[in-house]
2 protein chains.
Amino acid sequence: MLNFEYYNPTKIIFGKETQNQIGDLVKAYGGNRVLLHYGGSSAKKSGVYDQVMRALKESGLTVFELGGVKPNPRVSLIREGVTLCKQEGIDFIVALGGGSVIDSAKGIAAGSYYDGDVWDFYMKKAPVGQALPIGVILTIPAAGSETSAGSVVTNEEGHYKRDCQGETLIPKFAVLNPQLCFTLPDYQVSAGVSDILAHVMERYFTNTEHVDLTDRLCEATMRTVIQNVRLVRENKENYDAWAEIMWAGTIAHNNLLGTGREQDWGSHNIEHELSAEYDIAHGAGLAIIFPAWMKYVYRENIHRFVQFAVRVWDVDFACERPEEIVLEGIRRMEGFFRSIGMPVRLSEAGIGEDRFEQMAEKACMFGSIGGFKKLSEQDIVEIFRIAR
Amino acid sequence: MLNFEYYNPTKIIFGKETQNQIGDLVKAYGGNRVLLHYGGSSAKKSGVYDQVMRALKESGLTVFELGGVKPNPRVSLIREGVTLCKQEGIDFIVALGGGSVIDSAKGIAAGSYYDGDVWDFYMKKAPVGQALPIGVILTIPAAGSETSAGSVVTNEEGHYKRDCQGETLIPKFAVLNPQLCFTLPDYQVSAGVSDILAHVMERYFTNTEHVDLTDRLCEATMRTVIQNVRLVRENKENYDAWAEIMWAGTIAHNNLLGTGREQDWGSHNIEHELSAEYDIAHGAGLAIIFPAWMKYVYRENIHRFVQFAVRVWDVDFACERPEEIVLEGIRRMEGFFRSIGMPVRLSEAGIGEDRFEQMAEKACMFGSIGGFKKLSEQDIVEIFRIAR
């Protein structure tokens, strides 16, 4: 196990009707002039936008709003938010939505204390410093951004998707009410689950030895998600199954599961190029990239992939046939993704072969990627080919 | 799953040589006049006392000290610490030790802002309010007090062992260096592991339905501890195995594993009477009480005990023989405790039958105990009888 620091101070408020506490929560954290940041019509259609707006106003807060966050959130809207926060002296941001809204809110929070262009943080030209405090009301379990220090944003000029990190970006609180997931469309449910699993797998595949506890915590989280997504697809209003997925989605990415171990994140980096280029759902992109990545890298540490197959996918262990076990594990994972409506090949998402080199080059803009196996541009092109 | 709040802001600094960061850590949290609180000779013999004292002084802090904390920490020493903190204007407490030292430090921290007698908190006569900030350097993985809000203390006048809880008692940071465990005596290692397992089991045995994720996280933590304690008993300097146990000990009790579920804590309450009366190690008492408690209550929710036997103790599942499976699980647990040198019967700890009623009465001082099954005085006497 490696030395590590772990710090996750986000207060979780979990359960039915918890969004109605939002006014008191914001006030408890010193908010007064609040920006309500959200996406599109779904929050309004489901009624949660009205509930939250009412709760904020009933608490005597001055509320500003900025909607219109799109999946793969754009830096242009963040710039707009930064201007608004500076002009209006906003002191707290409430992010109502999923990872895109939260990541957009984080960009605004960091940009509001910065004189330059907020994109600088994402291009590593400036470190994230002071930021406005953020509270989250989560409506899509997926990105894990509700307790993480990271923000992933797309710059539409040039199809760049980049992240920035900063302890000041960790939300002060996150309201998780599984009821808010009942209205999610099937595809978004599955893409979210794919993202959650990917967050665990990026941590699970490591060359660090002696990480028994976090291995097992990872496996526990993956098994829970795999089992419960079937239940919510059968019945969208299965509160308890949603509760499992929602809490798992947070734990998958609050970095508990990554403590003391080298992590990978190669597949995420590759996927970011894919969704920046083709604007597909991040989770769908991950369901395509991960199996291909696995097939390309498993020989680096075959025992870890055997453990994954046996403990997560219940492949029967047989000491003499490790490779067979690994491939059966990957097959079962692909079968699982297909069973929840995710593509597992580029062709299934309508993506051709013409931009492999271009995406690989962008992925390696800052050098080779991945921790489990360092990937060069050529490696990434190979992974895209396997994913065809 | 039940609605819940989860908040655990303790910063974890984990790994080799991390105790040398103590001066910088205390300063980062605003400390200036520091009380170093510790136990007996073991911290001095191992050298960690000198390292910590040096690191604190080199950072320019003014250091006061109060040693002498005993297992099952006494309120009399806490009173002494409170007086010292008030007299000297101490603004930060460093607890160097295991659960007893940390719990004692928490008592001092709470008492330093209170005009009455600190025992009031433990008798629920006053709620815990403001408290001095605490930082921990952990030397015994067991109690989980390094990130918890609770403190358990013994009042030697009358053999009372009671707890108090308060968000202000959560340590600001916890330094976890597995190297500091190398010098622990065998018995203390095993008693610590028994305590860790008990913290998980108090949460695991619940009647709350649909708690898949936390069930699996509990099982992951228990399996890790069970596996790794064998390794540290074989080789006291097995850093990696200690790292697993140490991190598991914290996770077992930071309440992540108890989120969204009713918890039990009956066995802990019973054990507190046992160790208050006979001054045996808390972990040893738990190894005695838990099997007896299980045998007394398993019929309340046999499926949960089947799951425990199958998933934690690898008992072969057989749908037609649940009771057999449960009892085999308990037998394997007893076998495990015996294999690490823990008593599993009162007689093995030299405890007779003469005070069952008296301890049961004290355990029920505030009413019936336990969440999985409410236990009356008579129930507790029965459990003691099974434990003979």
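**Exercise 1. Find how many residues helix α5 of chain B has, and compare its reach with the expected span.**

Step 1. Locate the helix, a DSSP run of H or I with at least four residues, numbered from the N terminus: α5(B) covers residues 99–111, which is 13 residues.
Step 2. The expected span is 1.5 Å times one less than the number of residues.
Step 3. From first C-alpha to last, α5(B) reaches 18 Å, close to the 18 Å expected.

A word on the source: this is a predicted model, where local features need pLDDT of at least 70 and side-chain atom pairs count only at pLDDT 80 or more. Residues are numbered from 1 along each chain, and chains are lettered from A in the order in which they are written.

**Exercise 2. Decide whether helix α9 of chain B (residues 239–251) is enclosed.**

Step 1. Buried means under 20% relative accessible area, with a 1.4 Å probe and protein chains only.
Step 2. Among the buried residues of α9(B) are Trp242(B), Met246(B) and Trp247(B).
Step 3. Twelve of the 13 residues of α9(B) are buried, so the helix is largely enclosed by the rest of the structure.

**Exercise 3. Describe how α14(A) (residues 356–363) and α15(A) (residues 377–386) cross.**

Step 1. The axes, lines fitted to C-alpha atoms over the stretch in contact, come within 9 Å and cross at roughly 135°.
Step 2. Angles under 35 degrees count as roughly parallel, over 145 as roughly antiparallel, 65 to 115 as roughly perpendicular and the rest as oblique; α14(A) and α15(A) are therefore oblique to each other.
Step 3. With contact meaning heavy atoms within 4.5 Å, the residues that meet include Phe356(A) in α14(A) and Phe384(A) in α15(A).

Conventions: Heavy atoms only, no water. Buried < 20%, exposed > 50% of the residue type's maximum accessible area, 1.4 Å probe, protein only. Helix = DSSP H or I, 4+ residues; strand = E, 2+ residues; numbered from the N terminus. Axes fitted to C-alpha atoms, helices over the stretch in contact; angles between N-to-C directions.
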